[in-house]
Structure formats: structure tokens, C-alpha cells
Amino acid sequence: MKTSMSFETFASGLQGLRVNNLWRGFGTAVFFELGRLRERTKRDGSLGQPVGEVTIGIEWSWRIEGEKSIICGSWSDEELWEAAFDRLRNTNVSQIKLFGTLPEVAIFTSSSLCFVSFSTTEGQPAWSFVDRRADTVCSYSVKDGKIQSEIG
């Protein structure tokens, strides 16, 4: 089911939320957990990464920008990643913008760093947002070159 809220309205409502967890998934996937965290149990019964009120997932092809240069990216030496992730953790989202013909996402933070998705493979940009702040979960992603929103 589609939502009636535009992505821009949704994104403006994320301003000020804290990046309380930032973790790496498989390969170059990165997840931002915004707002209050709650424990998550995996299917095998073990504890997983805690989830936030809002999760932002970027599957591949991303970079972290400073004010004057690229700090690191998904193609950088992985040794650089954790220090850059630390600079994003416990900051607040200051703005989220879409850019490009096919919508990519830029996440600006109070640390003056910007996390940018930038898919370099065929297909669609590989990012998603999951909002758990209401009784029903709402998500945003890209399908057929457009923002797709769903409830449930």
C-alpha cells in the first residue's frame, strides 16, 4: 500500500534525530539507526544489531564527504571505514536530500560530514528508509527510477 506522505516531507521530519547506531552489513552495506534503539533478535535466537525508530540502509556504492574532500567510500581500503563511521555515530541528522536523475540520497550530519549513496551498477539506486515511529511501518526505496513508498 502506498503512503500519502512525500519523501521530502518524511525526510524533513528526520532532522534532529540522532545516529545512535551505524553498522556494517554484508559487503559494503551500511545501516544508520536513528532515534531510540530497541533490541532485535535474529531468527536463530541470537541478538542482532539494535534497530532505531528509523533505519537507513545503503547496500553499495557510497562515500563519506568532508567539507573539502572525500573521507572514504565503499571502494576505499576498509581500514578507513571505521574511523569515518565513528565520526558519524552520535551525531544528529541535519538534512536529507535527494539528487540525480535516478534518486540518490545525501545524509548531512551535525559533524559537517555527508554520507552519500551513489550506485555504480546497472539497475536502481540501492538505498531504503524504514520508519517505525508509528503503529504501522512505512518504507521508502527506488523502483523504476522513482521513489516508492509503502505502509505495512
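**Ser128 and the rest of the model**

Modeller: Ser128 is partly exposed, at a relative accessible area of 29%. Buried means under 20% relative accessible area, exposed over 50%, and partly exposed in between, with a 1.4 Å probe and protein chains only. This is a predicted model, where local features need pLDDT of at least 70 and side-chain atom pairs count only at pLDDT 80 or more, while totals for chains, interfaces and linings use all residues. Residues are numbered from 1 along each chain as its sequence is written, and side-chain values use heavy atoms, with hydrogens and water left out.

Biologist: Which strand is Ser128 found in?
Modeller: Ser128 belongs to strand β9, residues 127–131. Helices (H or I, at least four residues) and strands (E, at least two) are DSSP runs, numbered from the N terminus.

Biologist: What is Ser128 in contact with, leaving aside neighbours within four places in sequence?
Modeller: Thr55, Ile56, Gly57, Tyr140 and Ser141. Contact means heavy atoms within 4.5 Å.

Biologist: Back up a bit. How many helices and strands does the protein have?
Modeller: Two helices and 11 strands. Along the sequence the pattern reads α-β-β-β-β-β-α-β-β-β-β-β-β. The radius of gyration is 15 Å, close to the 15 Å that the globule rule gives for 152 residues, so the protein is as compact as a globular protein of that length. That radius is taken over C-alpha atoms, and the rule is 2.2 Å times the number of residues to the power 0.38.

Biologist: What share of the residues is buried?
Modeller: Buried residues are 41% of the 152. As for contacts with a separation of 6 or more, 49% come from residues 24 or more positions apart.

Biologist: Now β2. Is it enclosed or open, and why?
Modeller: Strand β2 (residues 30–34) has four of its five residues buried, so it is largely enclosed by the rest of the structure.

Biologist: What does β2 pair with?
Modeller: Strand β1 (residues 19–24) pairs with β2 in the antiparallel sense over five bridges. Strand β3 (residues 54–58) is also antiparallel to β2, again through five bridges. Two strands pair if DSSP finds at least two bridges between them.

Biologist: Which residues stand opposite each other there?
Modeller: Trp23 faces Phe31 in β2, and Val30 stands opposite Ile58 in β3. β1 and β2 form a hairpin with five residues between them, and Gly27 in that turn has a positive phi of about 65°.

Biologist: Last one: Thr91, buried or exposed?
Modeller: Thr91 counts as buried, at 8% relative accessibility. Thr91 is in the loop between α2 (81–88) and β6 (93–99). Beyond its neighbours within four places in sequence, Thr91 has contacts that include Leu17, Val19 and Thr109.
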